[in-house]
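Good morning. I will go through one structure with you, from the whole chain down to single residues. Please have the display open.

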Amino acid sequence: MEYRRLGKAGLQVSELSYGSWLTFGKQIDEQLAKDCMYAAYDAGVNFFDNAEAYANGKSEEVMGKILRDAGWSRDELVISSKVFWGGEKPNQKGLSRKHVFDACHAALKRMHLDYLDLYFCHRPDLDTPVEETVRAMHDLIQQGKVLYWGTSEWSAQEIMEAYSVARQYQLTPPTMEQPQYNMLQRTKVERDYYKLYEVVGLGTTVWSPLASGLLTGKYNNGIPEDSRASSHDDIPWLREIFEGEKAQPKLDKVKKLTRLADELGMSMANMALAWCLTNPHVSTAITGASKVDQVKSNMQTSEHKSKLTTDVLDEIEKILDNRPQCSAVLIWGLGSRDWVLGDWKKITQYLFPVTTWI
Ligand SMILES: NC(=O)c1ccc[n+]([C@@H]2O[C@H](COP(=O)([O-])OP(=O)(O)OC[C@H]3O[C@@H](n4cnc5c(N)ncnc54)[C@H](OP(=O)(O)O)[C@@H]3O)[C@@H](O)[C@H]2O)c1
């Protein structure tokens, strides 16, 4: 396992991490959750991801019990939670100072922890002034209950606003963002956030690197039993990932990619995870798994990374055919100074983001 810095922060996270969405407190029992977490830990994972919303807090309880009983040293672990969806009543959700504080205290209690390493605003809250949220996060940091705070699925503009407010009032700016990123979902990480890596020093803890399992190739011939697609009827948008009109073009690509992975002597899942890690702006890719074997095989990705040579990446790019395109906004975002100074390296990086990480 290799470790990467979380953006410009000093903190180091394992390049592959493990999260509990849909599994802990829901799809798998406590013993299996424990076995999966131990398998991840044994493979060198130091970052475990959670949220108040996962199984309505049950996921944090399950993880908390495992952490308490495991006896792993707290100072080697990076544990996160997220605030936004706490409950149905007015003050049980969103990013008001009250809910940010209440959710943090509840997460610490459920996970038997004194502090969270990473605390995310799970979505932007348009009903709360960003200054209120930034100040609440700053205060939690001052109190030692949180070490680094960040956002999840915020737009580049929203992150920049939080950063600017923090700088204006001498508060702690966000350190990291948690966006979806995988071979089929690239725009935010490769294009929208581009300026933020430089200006903010943003780290990313990307989610669904296997597109919920689609990028393992196991859906190539239909939906298997005992899979995420067959286990979560209560989440309609999830099913659209795996079947129907929208899914078909993606499945066609995955079939071609699976053949390429076979030729290279690696699993489709290992290729998809290794591909995410070729992007240096990814601090860690948070994997999910419902079985110990999945954890073990996913964690073998590091051994296969060298197979993604420039030629192989070109081949993958041809199959994917979804490299994010430059927009007028992005060209504008470069700033007139870059054009005036003729900073062609920077301009080219914006126009062809992928050239910067090959
Ligand atoms: N911030 C956010 O908004 C947000 C949103 C979603 C997730 N997350 C975080 O990101 C983490 C990972 O997301 P994710 O669970 O969607 O990740 P993922 O790695 O894309 O998908 C994980 C699922 O794919 C299947 N799978 C994984 N490895 C496999 C393998 N080797 N072979 C066959 N099937 C395999 C398993 O499902 P089955 O076995 O059930 O088919 C597993 O639960 C979450 O746990 C959570 O911590 C954050």
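Before anything else, note that this is a predicted model.

Is L22 buried or exposed? L22 has 20 C-beta neighbours inside 10 Å, so it counts as buried. The cut-off for that label is 20 or more. L22 sits in the loop that links strand 3 (16-19) with helix 1 (30-42). Its phi is positive, near 70°, although the residue is not glycine. For background, most residues other than glycine have a negative phi.

A55 also has a positive phi, near 50°, and is not glycine. A55 belongs to the loop between strand 4 (47-49) and helix 2 (58-70). Here 19 other C-beta atoms lie within 10 Å, so A55 is labelled partly exposed.

Next, a pair of helices. Two packed helices are described by the angle between their axes and the distance between the axes. For helix 3 (residues 97-110) and helix 4 (residues 130-142), the angle is about 35° and the axes are 9 Å apart. The crossing of helix 3 with helix 4 is right-handed. Which residues make the contact? From helix 3 they are R97, V100, F101 and C104, and from helix 4 they are E132, T133, A136, M137 and L140. Sorted by class, this contact of helix 3 with helix 4 holds six nonpolar residues, one polar and two charged.

Last, the whole chain. The protein chain is split into domain 1 (3-320) and domain 2 (325-358). Between the C-alpha centres of domain 1 and domain 2 there are 28 Å.

Terms used:
Residues are numbered from 1 along each chain as its sequence is written. This is a predicted model: local features need pLDDT of at least 70, side-chain atom pairs count only at pLDDT 80 or more; totals for chains, interfaces and linings use all residues. Domain bounds come from an automatic or database domain assignment. Helices (H or I, at least four residues) and strands (E, at least two) are DSSP runs, numbered from the N terminus. A residue is buried if 20 or more other C-beta atoms lie within 10 Å of its own, exposed if 12 or fewer, and partly exposed in between; C-beta atoms are placed from the backbone. Axes are lines fitted to C-alpha atoms, for helices over the stretch in contact, and angles run from 0 to 180 degrees between N-to-C directions. A crossing is left-handed if the near helix is turned anticlockwise from the far one by less than a right angle, and right-handed if clockwise. Two residues are in contact if their C-beta atoms, placed from the backbone, lie within 7 Å. Ala, Val, Leu, Ile, Met, Phe, Trp, Tyr, Cys and Pro count as nonpolar, Asp, Glu, Lys and Arg as charged, and the others, Gly among them, as polar.
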